[in-house]
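Student: Could you walk me through this one? I've never looked at it before, so let's take it bit by bit.

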Amino acid sequence: MKLEKKLESYFILGLVVIIGSVLRIYNLSEKSLWVDEFGSIRDSENIPWWSGHPPLYFIILHFFRYMGTNEFVLRLPSVIFGVSTILLSYMIGKLLFGTKEGLVSAFLLSISTMHIYYSQEARMYSLLAFLSLSSLFFFYKSIREKNKVGTWIGFILLTLLS
């Protein structure tokens, strides 16, 4: 019975991730780039080490530009981080409260219009959400598993990247 419950929850999580992915990819290249996205593209050409924004997103965007410079490709890193954040919200919900709560939090994030909007922009906001939740996940695991150095290193590294 335990295995059936696990498979059922993974099936539901898979559906939630598919829904979230479709909502983030749908019409991704329909809107033309706007001023702030052009700023991200400019910053990915000559990566600024201090522009008021952490440089990690611009480094990632720099390498994505080798696949093309259309709207879809330039917004794809944000989609990837947005979908990854859905999975991460499940993991945090499951860790803190349980499987059902993790699935509900993943579903709510997958249909969140604000999160979809920011996952469809060539800006660093979905990366920030992903890194912040990752940092929270590792912090809680570090507190829970007191003697694991790896979780503390993960927390520190993800907090610095955030």
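Student: Which helix does Ala-106 lie in?
Tutor: This is a predicted model, where local features need pLDDT of at least 70, side-chain atom pairs count only at pLDDT 80 or more, and totals for chains, interfaces and linings use all residues. Residues are numbered from 1 along each chain as its sequence is written, and side-chain values use heavy atoms, with hydrogens and water left out. Helices here are DSSP runs (H or I, at least four residues), numbered from the N terminus. Residues 99-110 make up the helix that holds Ala-106, and that's α5.

Student: Is Ala-106 buried or exposed?
Tutor: Buried means under 20% relative accessible area, exposed means over 50%, and partly exposed is in between (1.4 Å probe, protein chains only). Ala-106 touches Leu-13, Val-16, Ile-86, Ser-89 and Tyr-90, leaving aside residues up to four places away in sequence; contact means heavy atoms within 4.5 Å. Its relative accessibility is 0%, so Ala-106 counts as buried.

Student: How far apart in space are Ala-106 and Leu-87?
Tutor: Along the sequence, 19 residues separate Ala-106 and Leu-87. Going C-alpha to C-alpha, the distance in space is 6.6 Å.

Student: What distance separates the end C-alpha atoms of helix α7?
Tutor: Helix α7 covers residues 125-144, which is 20 residues. The expected span is 1.5 Å times one less than the number of residues.

Student: What is the relative accessible area of Ser-78?
Tutor: Ser-78 is found in helix α4. Among the residues it touches are Tyr-57, Tyr-118 and Ser-126, not counting residues up to four places away in sequence. Ser-78 is buried, and its relative accessible area is 0%.

Student: What kind of aromatic pair do Tyr-118 and Tyr-125 make?
Tutor: Rings of Phe, Tyr and Trp (its six-membered ring) pair if their centres lie within 6.5 Å; planes under 30 degrees apart count as stacked, over 60 as edge-to-face and the rest as tilted. A search of the whole structure turns up 9 aromatic pairs. For Tyr-118 and Tyr-125, the ring centres are 5.1 Å apart and the planes sit at 70°, so the pair is edge-to-face.

Methods
Helices (H or I, at least four residues) and strands (E, at least two) are DSSP runs, numbered from the N terminus.
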